[in-house]
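Visitor: Please take a close look at the aromatic side chains of this model. I would like a connected account of how their rings pair.

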Amino acid sequence: MTAPYTGTGRIGDSALAARLGRELSGQVLFDAASRGRYSTDASIYQIEPIGVVVPRDEGDIVRAIQIAADEGIPLLPRGGGTSQCGQTVGEALVVDVSKHLAGVISLDKANRRVTVQPGLVLDRLNAYLKPHALFFPVDVSTSSRATIGGMTANNSCGARSIRFGNMVDNVHAVEAILADGAKLIFGHLPNDFQAAAIPARYREIAVPLLDLGRREADEIAARFPTVQRRVGGYNIDALVPETGSRNLAHLLVGSEGTLAFSTAIELDLVPIPANKVLGICHFPDFYGAMDATQHIVELDPAAVELVDRTMIDLARQIDIFRPTIERFVHGQPAALLLVEFAGEEREEQLRKLAQLVELMGDLGFPDAVVEATDPAFQTAVWEVRKSGLNIMMSMKGDGKPISFIEDCAVRLEDLADYTDRLTQVFHKHGTEGTWYAHASVGCLHVRPVVNLKEPGGAVKMRAMAEEAFAMVREYKGSHSGEHGDGLVRSEFHLPMFGQRMVDNFAEVKSILDPTGLFNPGKIVAPPKMDDRRLFRFKPDYKTDELETGLDWSPWGGFQRAVEMCNNNGACRNTGLGGVMCPSFKVTGDEAHLTRGRANLLRLGLSGQLGPDALQGEAMADAMSLCVGCKGCRRECPVGVDMAAMKVEVQYQRAKRLGLSLHDRLVAYLPRYAPWAARLAPLLNLRDQVPGLAWLSEKLLGFTARRPLPKWRRDVFRASKVAGPESGVEVVLFADTFNTNFEAENLHAAIAVLTAAGRRVHIVQGLCCGRTFLSAGLVDQAREEMSRTVAALAPFVERGLPVLGLEPSCLLTLRDEFLSVLPGAATQALAKNAMLLEEYLAAEHGAGRLKLELAAAGEVLVHGHCHQKAHQTMTAMDTTLGLLPDVEAETVRTSCCGMAGAFGYGAGTYQISQDMAEAALLPAVRVAAPGTTLIANGTSCRQQIKHGSGREAVHIVQVLQRSLTA
């Protein structure tokens, strides 16, 4: 039975917000922007919440539950907000535990158990456990942002469930709070529990639940599919005598926050396998891959994962994945199976890998296995697979591969026929499906491409869902295999399980949550899955055409570029493995996250935040901590480029509201720099005369806590050409920052290039336009870019490489130039523009570089964000490798926090320092005194000096010092 969707009438209730603010110590977010950010997850749905609470401790959770019960409003627990089925959206008081309730409570190493708070992210848990040679084996692909609470609520599984099972197999106990405020520990019930010393409230729950298990044992056996991947409904099979676990924690697993609020979760752990090997099996047709799976699992693999042709082709178009794809995909296969073997003995795993090769030959696929025995190579392959959803969602246009039948599971002997028949259903409805994931357990994530902006999209979705689930029922499979029920599948419990089972689920809900406080509309009494009022793209969704500053045509317009965000939350990665998203890494706030900003932009562009939202204060606040690192440009698998989007927002805002004096001083620096250099002694008094720094903060917005760059009269000046007349010609682009503040870097570059026998054409007085872009002055940036393109055109036409030192400047020629000044001349320049180290590395690789260099000793490298975004750090490594006996280490950092003028802002100084303290400054401080610090970004060097007192240099300085001839 479904329930029609009805609202509470309490959305944004100011009196409720005030009460929560008085009684809670955590954040209370009831403004429209915050509600908008929390109205979506990674599903197709969007429901505005009543408001949001970010509890600081467990006491806040208790009080929030009490207030919600007292006010008669529902409450919705939320972790990372990455649910694909709509579990974490609803018209309720959303309680986000991911910021503060995210720690390890205790570790029992002897019994291999750990107790954690619900907001702890899986990758962080496993990083904590690694020194103890233990890990939590439910390895979901979203491990960088999936919280343990969310995984428990979903009954998550992961790639290696064939070996380790689902969450329900790995959760030992759960501490949770009921709607009446009772805090109980849900765990195993002994047979004589009635006589045991347990809380009376726990007994009141246990007795009727176990009675239900006894009464419905035959119905459960008849209705629940026997496949491993069955997470639909409540796990009432745990209540069945003899066969059930009698562990009431298992009833909370997979309950999607509808029964109680988990505050502590005790998990079972396993030892980290000492050795892993991977076989990548290539198949010329999809059916063959599916048919082979049942035979491959007989070899006892730890994982068998599918990657289909669509995913391969899309991954090839994504910079971060292309090199890996080219390495492990041979030819043009229709499908791949990633087969992993893991265990203590390496020889045993290699023997199994050889058996896999032999089996593939026996099945008619000789020489079809790429063997990956190197751990780093295996990790790279798995990263592609783990990003499967986001890779699929990188498809441009209004039609997207959407989640609604992506979680079905069938027996392996039925897998080939099931996938073939379902493909025919897609063709019948005029679409295609994308396939990947858990072949080992018959659970393939298939997503038909559907345009839900069109009314017919929802009709098509329901038709395919009904046909798919009927087919699954025929195969005695599961319609909900890993991602849960939520809004998209709960209504199908009736045809899949029958009315009696649906009534059983309702009875469980009434026992634990009789007033329906927790997350209503999921599992029990759900709305229709195709109710378009609940969609992200509602019936009245529309966006007005916008006259943009940047060229967004590759996406079909600015709004479609914004809509690329699917909310899967890769930007919530708080580890040291990537740049994205530095502001979120230090604040933990959804507002300061790529996803949060993209959601706000989509709502603003579609009029859901009122008129002129794009130029409004909420939008400005959301963008204020975006440092333009471009981490999302590379690391977001769907290519959400928030740095470019911020420029567009700044452009729209500046057109209407103008600029502050602070922003003007930053933007126009390249134009007044030649005049400022003449006044260097006078301007530098700002950091010498007491009180002037304070005054500049009050009047100009530059923090008094940090000195400004020192102006100098001896700016860079050089003749137009240097080096031997017969040398290979190159162009050196003298950027504004090195010209005016660090001229020695440009002199060093000329010395290194001429020592290498290059004829250097030195181009001065040009500008990349970056400072103008940072303030939204796109038209002024276009003027500078046009001048630069014209000046460099004669060199580009001759095919000469244009070299630069400052990553943020030179790489603008390869990036923003294309969207500010699209055209053939710009594209030609972009192809020829290179960082100095890229050029040296390429020439070395081609055997055309001769440099006599001395040893450099120990080197610690910090990569500029834009170097990482454009994947040029490998060139840094190669160039450093030219130095004899060099010992180079690269710090695993996000943004240093300076980000041009960001670190100089009075309102952003502290955030800037927090970013630096996350990894960079601690690494610098512990580096040996004789270690050379390298940072190619001028802002990075300033941050290192300010935060540690140590000097960092550009790599070109190290090369020049090492010249022996």
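Guide: In this predicted model, the structure holds 17 aromatic pairs. One of them joins Phe186 and Tyr202: the ring centres lie 5.6 Å apart and the planes meet at 85°, so the arrangement is edge-to-face, the angle being over 60 degrees. This pair links distant parts of the chain, since Phe186 belongs to strand E9 (residues 183-186) and Tyr202 to helix H7 (residues 200-215), 16 residues apart. Phe186 has a relative accessible area of 1% and is therefore buried. Tyr202, at 5% relative accessibility, likewise counts as buried.

A further pair is formed by Tyr668 and Phe772, whose ring centres are 5.0 Å apart; their planes stand at 90°, so this pair is edge-to-face. Here, too, distant parts of the chain are linked: Tyr668 lies in the loop between helix H27 (661-667) and helix H28 (669-678), while Phe772 lies in helix H33 (residues 770-774), 104 residues apart. As for accessibility, Tyr668 is partly exposed, with a relative accessible area of 21%, whereas Phe772 is buried at 0%.

Aromatic residues also gather in a group: Phe224, Tyr234, Phe497 and Phe505 form one aromatic cluster.

Finally, there are contacts between charges and rings. The charged end of Lys396 is placed over the ring of Trp555, at 4.9 Å from the ring centre. Over the ring of Tyr904 sits the charged end of Arg706, 5.7 Å from the centre of that ring.

Technical notes:
Residues numbered from 1 in each chain as written. Predicted model: local features only at pLDDT ≥ 70, side-chain atom pairs only at ≥ 80, totals over all residues. Heavy atoms only, no water. Phe/Tyr/Trp six-rings, centres within 6.5 Å; stacked < 30°, edge-to-face > 60°. Helix = DSSP H or I, 4+ residues; strand = E, 2+ residues; numbered from the N terminus. Buried < 20%, exposed > 50% of the residue type's maximum accessible area, 1.4 Å probe, protein only. Lys NZ or Arg CZ within 6 Å of the ring centre and 35° of its normal.
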